[in-house]
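Morning, everyone. I have one structure to go through today, and here it is.

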Amino acid sequence: MGIIATSRLKSPWIMHFDNSSCNGCDIEVLACLTPLYDIERFGIVNMGNPKHTDVLVVTGPVNRRTARVLKNLYDQIADPKMVIAVGTCSISGGVFHNCYNVLGGVDKVIPVDVYIPGCAARPEAIIDGVVMALQKLAKLQGVAL
Amino acid sequence: MNAWIIAIVTVIVAPFIGGFLAGIDRRITARLQGRFGPPILQPFYDFFKLLGKSKIAASRLQLMWIYAYLVLMITALLFLVLRLDILLMMFILGFAGVCFALGGFSSKSPYSHLGANRELMQMLAYEPVLLLLALGVYAQNGSFLISQIYASPTPLISRLWPIFIALLVILTIKLRKSPFDLATSHHAHQELIKGIMTEYSGPYYALIELTEWYEIVLLLGIVSLFVANPLWVGIVIALAAYLLELFVDNVTARMTVGWMVRFVWAVGITLCILNLIWFWVFAAIKGVS
Amino acid sequence: MLPYNWMMAVAILLPVVAAVLVYIIRQYHARGVIVILAAIALIVNSILFLLHGKDTFSPANAQMWDMVVTVLDYLILLFYIYVGISLKNWLVLIFALTQIIPLAWFEFGMGGRAALANVSPTFVVDHLAIVMCLVISIVGSLICVFAIRYMYDHEHHLHLEKSRASRFLFWMVLFLGAMNGLVFANNLIYLYFFWEVTTLICFQLIAHDLTKEAIDNAARALWMNSIGGTALIIAMVILFAKGAPLSLDGILSGGVASAVLLLPVALLCFTGMIKAAQLPFQSWLLGAMVAPTPVSALLHSSTMVKAGVYLVLRLAPAYAGTRLSIMIALVGAFTFMAASGLAISQTTGKRVLAYSTIANLGLIIACAGINTPLAITAAILLIIFHAVSKGLLFLCAGTIEHIIWSREIEDMEGLAAKAPLVTVIFAIGVLSMFLPPFGMLLGKWMALESASTIPLAAWLFVIASAATIVFWAKWLGRFLQVLPKLGAKIESLSLSYTVPLWLLVLGIFGVGIGVASVYTGLVQNAVADVVTSGQALAVQGWGLTVNGYSAVSSTANFAVGNYPVWPLFIVFAIAVLIPFIFVAIKPGELRPVYLCGEQAGGTDTDEWYSTADVKTKVQLGGYYFQGVLGEAALNPWTYTLSIVLMVIMFAVALLAMGGAL
Ligand code: SF4
C-alpha cells in the first residue's frame, strides 16, 4: 500500500464544479492553472470528468437545480475522494444566502473536507486548501506528507 | 531461449522507459508554456494512484476491450524487439487500435462514443501510411522481416526519407498530440471531457496509461529502425523526433477530423507513394541497363 | 469407397433429386429431414473427393448427356426470352438473344457441336476444383440447413397464405449441384451450361418474394450475368475459329500460342468478373440483398460469386506474365478499394456485408492477377476463409433480422443486451474478417507481401485495408453499445439456426488455427494446379514463412515474411477470450455514464435532464460520411474508372492478339 498511498498525495486530480457562483471564484480557480501559480508542480491536473477525479472543487452556493447534479457527480467519483468548497458562497450561501432558489452551502448535499473562505478565495488560498485536503488524506492513511 | 529473455526484459523495462518519457514530456511542455511543471516521476505517481482507486465502470464490455488493447500493444512491441515481420506488426497495432475504439463504443456515453468514432477516423488516416512504410521497407530490403533491417548495411533513411517524414506526421496522431489530439487528449479536459477514455476510471484508466507507455516505446522504436546500424544513432533520432512532436504539440491548435484525414492523405500518403514510385522507377532503370 | 462415377453423381445429380423431393413433399419436417440428409451426403462426398485426389471423368453415355445439356441450354435461354417479354425488360431480352443466336449459330452453323462432343475429358477434378467442392458442399449445405427454419419464420412474419418455402428450398439445394458441376466442368459447353443454371437459380431466388423491387433486382442480376454468358459464347467462338481446343485444360496446356488465346481468356475472365460482381457490375449483387437472407448467404459465401473468382483463378496460367495479368490485378484491386470505401457510407447491415464481399472478391481477383505463387496461395486461402466467415456473417444477419425485424445498422444498437449469443457469434465473424490471427487477415497479409510486382495494386490494397477497419469496427461498435445489465438472459433459438452458426464458428477457428495443415493438405496442391513454379509458403515451427521468390530477393536466401499462426492465436486468447470470460463486474461497481451530472436515474438509464428538466434520451449514431463516401458522391468516379480499366483490359488482350497474328 505504501507506494499507492504516497502516490495519492502526489497526484490529486481535481474537477471544478460551479454551482451558481458569481464566477469570481471560478476565475480564481482557473488562475491556479496559469504559469504564475502552476499547480501542476504538485501533480494537480484539472480534469473535466468525475471518473478521473480525486478532489472535487466546488464553487458557489447550491441551488435547487444544481443540488441533483452535484450529488450525481459526487457519486461518479471513485474512492478515495475529497471535496473542497471554495469561496464563502459554497460554504454558507454567502451573498446569495436566503435567495428563493438557494439551498445553502455545499455541505447541504455532499460531505465537504476542506472549506476555503474568501470572496473570492485567492489562488494561494485554493492551493493551500488542496494541500490541506492532502494532509487530511495523509492522516487518514497514516503516511507523512 | 534467448528470445524469451528478450521478450520478458522488454515487457518489464518498456513501461519504465515509456513512463519516464511521458514525464519528460510533461516537464518540457510545462517549460514551453513558461511553467515549472511536475516532477519527472509524475506519470508513475499518477499510475499508482489510479491503481489504488476503487473500481468503477460503466459496462462490462468496455473493460474487456481494454485488456485486449494492452495485450495487443505488448505483442506489437514484441514483434519489434524480436525482429519479426513488420507488416504483420502494423496489422497487430491496428488490431490494438480497433480494440481501443470498441472499448469506447461499449458504453452509452456520448463522449466516449465521439472519441471512438474519431479514433476510427484517425486509423483511416494513419493506417495506410504505416502499411506503406512496411512496403517501403520491403522495397529497400527485399524482406518484411525487421531482422533484415538490422542486417542491412544501408540505413532505411537514406532511401526512405520521404516515408520517414510521413511517419513523423503519423507520430503526431499516434502520440495524441496537437493538432491531431482528436479522439482524446492530454490537455483537452473540458471540451472533449476525455474523449474515448471518458468512461474508464481508476485501475482501468491506469491500464490505458500503461498501454500508452508501451505505445511510446513501440513508436519510437519504429522511428529508430530508420537508422538501425548503429542503433544508438537511431535512438538519438527517435528521441529527437519525440522532442519535435512535443514542440509541434505546443505550437499548434487542434484541427477538425476532416482536416486531419485530408492532410494526412494529401501529405503522408503522397510522400509514401512518391517514395515507392521512385523505387519502382529505379528498379526499372536498373533492370534495363 | 464409392466408385468414382457414383461420387460424381452424388455431387451433381443428388442435389437435383433432393431438390425435386423437397419440392414435392411440402411437409415442414419431412422437408427438413431431406435437406439435412442431402447436406450430410454432400459433405461426406466432398471429403471423399479430397481423399480420392486428382482425377478426370467422362460420363459413360456421353451422347445422351450432351443432348440433355443442349436441350436444357436452349430451354433456359427461351425462358430468359419469356422473362424479358413478360416483364417488358428489354435488357433481359436483348442479352438473352445475344446468347441464343450466337450459340445456335456456333453449335449448328459453324459445326462447333462436333468439336464440343470430341472434348475429353468432360470433367477435370483437380485440387483447385476439390477445394471449391469442399467449400460449396460444406458451407453451402450448412446454409441450406439454416434456411429450413428461416423460411418458416420468414413466411410467418409475412403472413403468407400459401407457403412457398418448398419452391425456395428447391432452388437452394439445386444450386449446390449446379456449382459442383461448374467447378468440375472441363468441356466449355458444360461450363456454360452450369454457368447458365446458376444464373437462372440466382434469378429465381432473388425474385422469390415477388415484390416489385425483388423482381426488378432479379431481372438486373439476370441481364448482367447474361452479358457474362454472351462473353463466354464469344470466347468459345473465337477459340473454335482459331482451332484451339474447347476445354479449360486445352486452353491451359497451351496447345496454341498463348497470345492468340489472350482475347478469349480475357472474355472468360470478364465473365468471371461479372459473376464476382466486380465494379462496374456490382449493382446486381447489391440488388440481390432483397432476397431472404439465406440466399444472400449462399450467393456471397460459397456459390455464385465464388464461381466468378474460380474461373479467373483457374485461367491464371493462361495470362501469366502478360499485361492482361496486370490489368486483372488492377481491376480487382480497384474494386477492393472502391467497395471498401463505399461500405463506410452504408447504413444497412446487409449492404455493408455485400460491399465487403465485393471488396474481398476484388482482392482475390487481384491476387490472381498478381499471379505469383504466393499470390495464388493467398487467393485460394482467401476463398476458403471468406466462404466460412461470410457465410457465418450472413446467417447472423438473418438471425438478427428475425430478432429485431430490421436490417438497419442503427436499429442494431445495443443488440448485445437483447441477444447476447448472436452478438458474440457475430462479433467473432466480424473480427475474423479483418483482424489477426484469423485467416482473412493472413490472406490479406500474403496479398500485400506478394503485391510488390504491381505497386499500384499494393497501394490500392493499403487504402482498402484502412477503410475495411473503419467500416467493420464501426458496425461492431453499434452492437456493443449497451446499458449495463447484469446477468443478461441468453436468447433461445431454433437448432436449425444455432447448429449451422456454431459449426461455422468452429470452422473459422478450425481453418484459422489449422491453417498450416489446410495449406499442406489442400491448398498447396491446388496452387500447384495453377502455378507450377516454386513454392512460396513454407510451414515452419508454429507459423508460416514466406520464401524469397521475387527479383528483389533473388540473390539473398533470407525469408521475406513470417506469420506466427499459433502464437497469434494464443495472443488472441489472452487478449480477447480470457477477458471475455473472466472480466467480472460487481453491481456496486457500476456507475452511470458521464452526462455532465444530468443523468436521470441510476446505471440503467440512458436519459438525462435537458432544458426545463425534460427527460431526454441519449441518442448516438455512427459516422457515415454520405456526402464524401456515399454512393451518390463516389459512383460517378468508380463507374468511370472501372469501365476505363475494363476497356484497357480488353485493349491489352486485343493488342497482344494483333501482335501475335
Ligand atoms: S464567494 Fe464571492 S466571488 Fe466566490 S462565488 Fe461567491 S460571491 Fe462570487
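How much area do chain B and chain A bury between them? The figure is about 2400 Å², with 55% of it on carbon and sulfur atoms. Buried area here is the accessible area, taken with a 1.4 Å probe, that two parts lose on being put together, summed over both.

Some housekeeping. This is a predicted model, where local features need pLDDT of at least 70 and side-chain atom pairs count only at pLDDT 80 or more, while totals for chains, interfaces and linings use all residues. Residues are numbered from 1 along each chain as its sequence is written, chains are lettered from A and ligands numbered from 1 in the order in which they are written, and side-chain values use heavy atoms, leaving out hydrogens and water.

Back to the interface. Chain B puts 32 residues into the contact and chain A puts in 27 residues; contact means heavy atoms within 4.5 Å. The rule finds six salt bridges across the interface of chain B and chain A, a salt bridge being a side-chain nitrogen of Lys or Arg within 4 Å of a carboxyl oxygen of Asp or Glu. B:E199 forms a salt bridge with A:K51, and their closest N and O atoms are 2.6 Å apart.

Now chain C. Strands (E, at least two residues) are DSSP runs, numbered from the N terminus, and two of them pair if DSSP finds at least two bridges between them. Strand β4(C), residues 543-546, runs antiparallel to β3(C), with four bridges, and antiparallel to β5(C), with three bridges.
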